[in-house]
Amino acid sequence: MKTKRSERLIDMTHYLLEHPHTLIPLTLFSKKYESAKSSISEDLTIVKNTFAQRGIGFLETVPGVAGGVKYIPKMNKEDIEQFVSDLVEELNHSKRLLPGGYIYLSDMLGDPKWLRRIGRAIASQYMGTEVNSVMTVATKGVPIAQSVAFYLNVPFVIVRRDSKVTEGSTVSINYVSGSSFDRVEKMELSRRSLDMGSKVVIVDDFLKGGGTINGMISLIEEFNSEVVGATVIAENIFKGERSVKEYTSLVKVENVNAEDRTIEVSPGNFLSSLS
């Protein structure tokens, strides 16, 4: 059915937002709206300019017969800086202080507004790199991985510390806990969850000693796969040497005073990793 330009713009924008990193042929829009490709191209130019101006993302045009348009939901650096600033402000409250210097995040990980911003910001770091999967460990990391995976348009996989019959056969490894180097723990992943030779991004809520991330790295190696990077929401205070060296954190816990129940949170090294 023939549609007005205003209707096409709204519908195309919705379609693009719901299909990130997907090459969409112009013929799809042309047939859907019964409009010439030249008109569709003009519409997409409007969308492209608006996305760029509003910090929504970028539209990449692929020329040729098999070409089309692809939506890249990458945040610009200014928006990411504002997001990290908002995150620091939200977390810099004594009410969020938990024993061990941890920060209470469960409410934010259940809030779609925060999750969208967290997922999109983390995904923006890896949009210039080939990624086949996002990995996390159950349970707090699951919503983070799901949000990041959406914006990268790849599957996410969940590492578990206990066997589930519904997982089928699994690959398991033993790893040394980063927060207690004298404790050996186990984690496992379903053989069907991750393809051999995958390029994997690791995400989690907290980083302390780094044992959990280091364990996931070892598990990824069992699948002959490659770690593209590791990102956490919060990097906690840790005395000593972490077992993982390469990682980025959105925020960093600088200081905790248990007596006064005060906490000091600052931006992590995430911003410095952005080009």
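The model is predicted, so to speak of local features takes a pLDDT of at least 70 and side-chain atom pairs count only at pLDDT 80 or more, while totals for chains, interfaces and linings use all residues. Residues are numbered from 1 along each chain as its sequence is written, and side-chain values use heavy atoms, with hydrogens and water left out.

**Pocket**

- The largest pocket has a volume of about 510 Å³. A pocket here is an open set of points on a 1 Å grid over the protein atoms alone, with protein on both sides within 12 Å along at least five of seven lines; lining residues have an atom within 4 Å of a point. Points are joined across faces, edges and corners, and the volume is the space filled by probe spheres set on them.
- Its lining has 29 residues, and those closest to the centre are Tyr-102, Arg-161, Asp-205, Phe-206 and Thr-212.
- Strand S9 supplies the largest share of this lining, four residues. Helices (H or I, at least four residues) and strands (E, at least two) are DSSP runs, numbered from the N terminus.
- The lining of the largest pocket divides into 12 nonpolar, 10 polar and seven charged residues. Ala, Val, Leu, Ile, Met, Phe, Trp, Tyr, Cys and Pro count as nonpolar, Asp, Glu, Lys and Arg as charged, and the others, Gly among them, as polar.

**Cavity**

- There is one cavity of 30 Å³ or more, a cavity being a set of points where a 1.4 Å probe fits but cannot get out.
- The largest cavity holds about 40 Å³ of space, and strand S8 (residues 184-190) gives the most to its lining, with three residues.
- Five charged, three polar and two nonpolar residues make up that lining.

**Helix H4**

- Ile-80, Phe-83, Val-84, Leu-87, Val-88 and Leu-91 are the buried residues of H4. They cover an arc of only 135° around the axis, which puts them on the same side of H4; the arc is that of the directions from the helix axis to the C-beta atoms.
- Glu-78 and Glu-89, on the other side of H4, are exposed. Buried means under 20% relative accessible area and exposed over 50% (1.4 Å probe, protein chains only).

**Helix H6**

- H6 is mostly covered, with 10 of its 14 residues buried.
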